[in-house]
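User: Hi! I'm new to reading protein structures. Could you walk me through this one?

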Amino acid sequence: MSRINYDLTKIKGVVFDVDGVLSPSTVPMSAEGVPMRMANLKDGYAMQLAVKSGLRMAIISGADVPSIRGRFGVIGLTDIYLGASDKLPVFRKWLESVGLQADEIAYVGDDIPDLPVLKACGLPVAPRDAAAEVKDVARFITGADGGYGVARELLEEILKVKGMWLSEDKAFGW
């Protein structure tokens, strides 16, 4: 039984924002002013397992730095859209390219730029420390703050309902 009030068997894809979702909202800056994002290893494990299990995954972020593509490419994500100031057209184009419907998608966002996609997807998800406006539209608010296991919490729930969490040999390796 899932803690999420949505038919998770319908979910065929998950889309994530980065800053405030897969990395904390507060990030250290290099001397050159470049954000130095953190990545949660448990999120990474769950994301690579989800990819190997056939769940479609994407990132849509307003940020545009090579480290994001590098980090998430390593764990198997190929649909990475950076520099997206307006995320809804990117989301719609991605849906069309992968042949999925909006109600088959969970989207995880934490701030105002995520609202249009959160309102368009089937399962809007927010980290515990998301903006109030985002939490108002979310159907599920994680117990984790952004960057501290948000993806792991959501993906574990989805994969458990689908019988894919810790099943077969896919679960025990990277």
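Predicted model: local features only at pLDDT ≥ 70, side-chain atom pairs only at ≥ 80, totals over all residues.

User: Which residues have the most contacts inside the largest nonpolar core?

Analyst: The largest nonpolar core has 38 residues. Several elements give two or more residues to this core, among them S1, H1 and S2. The residues with the most contacts inside the core are Val-14, Phe-16, Met-47 and Leu-155.

User: Which element gives the most residues to this core?

Analyst: The elements that give two or more residues include strands S4 and S5 as well as helix H6. With six residues, the element that gives the most is H6.

User: Which residue in S2 is the bridge partner of Phe-16?

Analyst: Let's start with the strands: S1 (residues 13-16) and S2 (residues 56-60) pair in the parallel sense over four bridges. Leaving aside neighbours within four places in sequence, Phe-16 is in contact with several residues, including Met-57, Ala-58, Ile-59 and Ile-60. The bridge partner of Phe-16 in S2 is Ile-59.

User: Which handedness does the β-α-β crossover from S2 to S3 have, left or right?

Analyst: S2 and strand S3 (residues 79-81) run parallel and are joined by three bridges, with Ala-58 standing opposite Asp-79 in S3. From S2 the chain passes through helix H2 (residues 66-74) to reach S3. S1, helix H1 (residues 41-52) and S2 also make a right-handed β-α-β unit. For the crossover from S2 to S3, the handedness is right.

User: How many residues of S2 are buried?

Analyst: S2 is a strand of five residues, and it is mostly covered. The number of its residues that are buried is four.

User: What is the reach of H6 from its first C-alpha to its last?

Analyst: H6 has 12 residues, and at 1.5 Å a residue the expected value is 16 Å. The model comes close to that. From first C-alpha to last, H6 reaches 17 Å.

User: Is Glu-153 in H6 buried or exposed?

Analyst: Several residues of H6 are buried, including Ala-151, Leu-154 and Leu-155. What covers the buried residues of H6 includes S1, H1 and S2. Glu-153 has a relative accessible area of 14%, and buried means under 20%, so Glu-153 is buried.

User: Which residue meets Arg-3 in a salt bridge at 2.9 Å, and how many residues apart in sequence are the parts the pair ties together?

Analyst: The side chains of Arg-3 and Glu-153 meet in a salt bridge, at 2.9 Å from N to O.

User: Where does Asp-103, the salt-bridge partner of Lys-10, lie?

Analyst: The closest N and O atoms of Lys-10 and Asp-103 are 3.3 Å apart. Lys-10 is in the segment before S1, and the pair links distant parts of the chain, 93 residues apart. Asp-103 lies in the loop between helix H3 (87-98) and S4.

User: What is the relative accessible area of Ser-25?

Analyst: Ser-25 lies in the loop between S1 and H1. Leaving aside its neighbours within four places in sequence, Ser-25 is in contact with Gly-20, Asp-110 and Asp-129. Ser-25 counts as partly exposed, because its relative accessible area is 48%.

Technical notes
Residues numbered from 1 in each chain as written. Heavy atoms only, no water. Buried < 20%, exposed > 50% of the residue type's maximum accessible area, 1.4 Å probe, protein only. Pairing = 2+ DSSP bridges. Right-handed = clockwise from strand over helix to strand, strands pointing away. Core = buried A, V, L, I, M, F, W, Y, C linked by side-chain atoms within 4.5 Å. Contact = heavy atoms within 4.5 Å. Expected span 1.5 Å × (residues − 1). Salt bridge = Lys/Arg side-chain N within 4 Å of Asp/Glu carboxyl O.
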